[in-house]
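Me: I am new to this structure and would like to learn how to read it. Please take me through it one feature at a time.

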Amino acid sequence: MAPPSPHRSPAQANGACSEDGIRVVDMAVLVNGDADQRAQAIRHLGRACQEWGIFMVINHGVPEALQAATMDACKELLLSLPTEDKAEYMDGSPMDPVRVGTGFVNSAVDGARYWRDYVKMFVHPDFHCPSKPANLREVAKEYAACTRGLMLELVAAISESLGLDGGRIAQALNLESCLQTLVANHYPPYSGPDDDDGSTPIGLPAHSDYGLLTLLFQNGVDGLQVQHDGQWLLAKPLPGSFFVIAGDQLEIVSNGRYKAALHRAWIGGERRMSVLALIAPCLDTVVEPVPELAREGPEGVEFRGIRFRDYMESHQSSRLVGKTALDIVRVQR
Ligand SMILES: O=C(O)CCC(=O)C(=O)O
Ligand SMILES: [Fe+2]
């Protein structure tokens, strides 16, 4: 586990937004602020989840050197390791604990071409990791523990922002044995034709994430786009911040008060990498809105319950462009 962070002492101004309106949440205030500062930070966080489904965190306590080491080890795996060292993780099923994918994918859904390499590994409750490069295991383990701690703090604050006890969402979703995934994406530079006939590949199609929260940082090259008020917007991080993306489980558990953010990845002339840590309920948890948030009793429930393993399988197979697997569990009226 990483040592306590030096980042968390000075409480910065809260209630801040970046240039494009994405809210900035200061962990120093959430963790160490006085009662008034905390209350304000929690309201700010609640609005971010309600209006955007994405925000940035600063003073988050994840050491920069650990972030860099994680990105470097993943980069080595994706870019330098010979294919035979990754072959056992390729062409598996989406629920395999370690998966590596590479190159162009022609989407059967919309005919677009997607251009990215990725590695995904389940790191909690059981830790899985490719055997090479040699330092990946140690680095990924530490990064997983550190980001899991941060995300659980955020979940507690989000729970409070919904007027619930800080531990309520963690309890409802059984987060003690949460499923945590680490993902690294590599988008090779692309400078081909940019016409509108569908031949220009993109990085990753529009989707919402299957889990509860996703923590994302990138290699200094922008490319994450978020849908807000029907418009696609390029998300530009503050230096040293993480993006936090609300996933489908936050929308379900909050009974639709908070929205999962629709997002996609764009590619351009510069090589881009993103590293993500996701937390989700444990596979056997039945996810459903917490009863306290149902409007007018059971009639006001917007999502029916589903075992998380089944949700995840539908999410992986649906790949609906511009839609989400949430429609599978939305109550039709
Ligand atoms: O690379 C990015 O910026 C987005 C990646 C992403 O959304 C994902 O892997 O789910
Ligand atoms: Fe995503």
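Me: Let us start with the metal. Which residues are the protein donors of the iron ion (ligand 2)?

Reply: This is a predicted model, and in it the iron ion (ligand 2) has His207, Asp209 and His263 as its protein donors.

Me: How are the donor residues of the iron ion (ligand 2) spaced in sequence?

Reply: The spacing reads H-x1-D-x53-H.

Me: Are His207 and Asp209 buried or exposed?

Reply: His207 and Asp209 are both buried.

Me: How far can I trust the coordinates? What pLDDT does the protein average?

Reply: The average is 88, and 87% of the residues score at least 70. Residues 1–7 have a pLDDT below 50, and this stretch has nine contacts in the model beyond near neighbours in sequence. Residues 9–13 also stay under 50. The model has nine contacts beyond four places in sequence for residues 9–13. Where pLDDT is low, the predicted coordinates should not be read in detail.

Me: What ipTM and pTM does the predictor give the complex?

Reply: The ipTM is 0.99 and the pTM is 0.92.

Me: Now the fold. How many helices and strands does the protein have?

Reply: There are eight helices and 17 strands.

Me: In what order do the nine strands of the open sheet lie?

Reply: Strands of a sheet pair through backbone hydrogen bonds, either parallel or antiparallel. In this open sheet the pairing is mixed, and the order is S1-S2-S3-S13-S10-S15-S8-S7-S4. Strand S1 (16–17) and strand S4 (98–101) are the edge strands, each pairing on one side only.

Me: In which sense do strand S2 and strand S3 pair?

Reply: Strand S2 (residues 23–26) runs parallel to strand S3 (residues 54–58), and three bridges join them. To find one in the view, look for Val24, whose bridge partner in S3 is Met56.

Me: Which strands does helix H3 touch where it packs on the sheet?

Reply: Helix H3 (residues 64–80) touches S4, strand S7 (117–124), strand S8 (179–187), strand S10 (213–218), strand S13 (242–246) and strand S15 (272–280). The directions of H3 and S15 make an angle of about 110 degrees.

Me: At what angle to S15 does helix H4 run?

Reply: Helix H4 (residues 136–161) runs at about 60 degrees to S15. Besides S15, helix H4 lies across S3, S7, S8, S10 and S13.

Me: Let us turn to side chains. How many salt bridges does a search of the whole structure find?

Reply: The search finds seven. One of the salt bridges joins the side chains of Lys132 and Asp85, with 3.4 Å from N to O.

Reply: Lys132 counts as partly exposed because its relative accessibility is 40%. Asp85 also counts as partly exposed, at 21% relative accessibility.

Me: Which parts of the chain does the pair of Arg168 and Glu292 tie together?

Reply: The side chains of Arg168 and Glu292 meet in a salt bridge of 2.5 Å, N to O. Arg168 belongs to helix H5 (residues 168–172), while Glu292 is in the loop between strand S16 (286–287) and strand S17 (306–307), so the pair ties together parts 124 residues apart in sequence. Arg168 is buried, with a relative accessible area of 18%, whereas Glu292 is partly exposed at 43%.

Me: Which residues are linked with Asp327 in a network of salt bridges?

Reply: Glu251 and Arg330 are linked with Asp327 in that network. Between Arg330 and Asp327, the closest N and O atoms are 3.2 Å apart. Arg330 is partly exposed at 30% relative accessibility, and Asp327 is partly exposed at 30%.

Me: Why does Trp115 count as buried?

Reply: Trp115 counts as buried because its relative accessible area is 19%, and the cut-off for buried is under 20%. Trp115 is found in strand S6 (residues 113–115).

Me: What share of the residues of the protein count as buried?

Reply: Of the 333 residues, 54% count as buried.

Key
Residues are numbered from 1 along each chain as its sequence is written. Chains are lettered from A and ligands numbered from 1 in the order in which they are written. This is a predicted model: local features need pLDDT of at least 70, side-chain atom pairs count only at pLDDT 80 or more; totals for chains, interfaces and linings use all residues. Side-chain values use heavy atoms; hydrogens and water are left out. pLDDT is the predictor's confidence in each residue, from 0 to 100. Contact means heavy atoms within 4.5 Å. Two strands pair if DSSP finds at least two bridges between them. Helices (H or I, at least four residues) and strands (E, at least two) are DSSP runs, numbered from the N terminus. Axes are lines fitted to C-alpha atoms, for helices over the stretch in contact, and angles run from 0 to 180 degrees between N-to-C directions. Buried means under 20% relative accessible area, exposed over 50%, partly exposed in between (1.4 Å probe, protein chains only). Donors are N, O and S atoms within 2.8 Å of the metal (3.2 Å for Na, K and Ca); water is not among the atoms, so sites may look incomplete. A salt bridge is a side-chain nitrogen of Lys or Arg within 4 Å of a carboxyl oxygen of Asp or Glu.
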